[in-house]
Amino acid sequence: MNVLAILAIVVKDPESTAKINELLHENAKYINGRMGIPQKERNLSVISVILDSPQEVLNALSGKLGMLKGVTSKLLLAK
């Protein structure tokens, strides 16, 4: 059963961008939308991703993103 979720990604190290994009590309079939907003004055970027996928896919993706240098990720699940 799929779950609707918002994945928030905060990127403080731009060198992690390629790996972030790779992980998102691997899960592209679950992504409904994506928006990235640079915060130049804070030297970081925020990416929000809307997903409709199995819970285990969401957990794995968020976990993999969170292990990247300078990257924080959090999930918000719809009830």
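# Briefing: an antiparallel sheet and its helix

N59 is found in helix α2. Helices (H or I, at least four residues) and strands (E, at least two) are DSSP runs, numbered from the N terminus. This is a predicted model: local features need pLDDT of at least 70, side-chain atom pairs count only at pLDDT 80 or more, and totals for chains, interfaces and linings use all residues. Residues are numbered from 1 along each chain as its sequence is written, and side-chain values use heavy atoms, leaving out hydrogens and water.

**Sheet**

- An open sheet is formed by 4 strands, in the order β2-β3-β1-β4. The pairing is antiparallel; two strands pair if DSSP finds at least two bridges between them.
- β2 (31-39) and β4 (71-77) are the edge strands, each pairing on one side only.
- From one strand to the next, the twist averages 15°. Axes here are lines fitted to C-alpha atoms, for helices over the stretch in contact, and angles run from 0 to 180 degrees between N-to-C directions.
- Strand β3 (residues 44-54) and β2 pair in the antiparallel sense over 8 bridges. Within this sheet, G36 stands opposite I47 in β3.

**Helix on the sheet**

- Helix α2 (residues 55-66) packs on the sheet and touches β1 (2-11), β3 and β4. Contact means heavy atoms within 4.5 Å.
- The direction of α2 makes about 160° with that of β4.
- N59 counts as partly exposed, at 43% relative accessibility. Buried means under 20% relative accessible area, exposed over 50%, and partly exposed in between (1.4 Å probe, protein chains only).
- N59 and M35 are 24 residues apart along the chain, and their C-alpha atoms are separated by 20 Å.

- S53 lies in strand β3. S53 is buried, with a relative accessible area of 0%.
- Not counting residues up to four places away in sequence, S53 touches M1, N2, V3, Y30 and L58.
- I50 also lies in strand β3. At 30% relative accessibility, I50 counts as partly exposed.
- K40 is found in the loop between β2 and β3. K40 is exposed, with a relative accessible area of 70%.
- The C-alpha atoms of K40 and A8 are separated by 18 Å, and the two residues are 32 apart along the chain.

**Surface patch**

- L4, I6, I50 and L76 make a nonpolar surface patch of about 330 Å².
- Patches are made of residues with over 30% relative accessible area and no salt bridge; like charges are joined within 9 Å, nonpolar side chains (Val, Leu, Ile, Met, Phe, Trp, Tyr) within 5 Å. A salt bridge is a side-chain nitrogen of Lys or Arg within 4 Å of a carboxyl oxygen of Asp or Glu.
- Accessible areas come from the Shrake-Rupley method with a 1.4 Å probe; for residues, only the protein chains shown count as cover.
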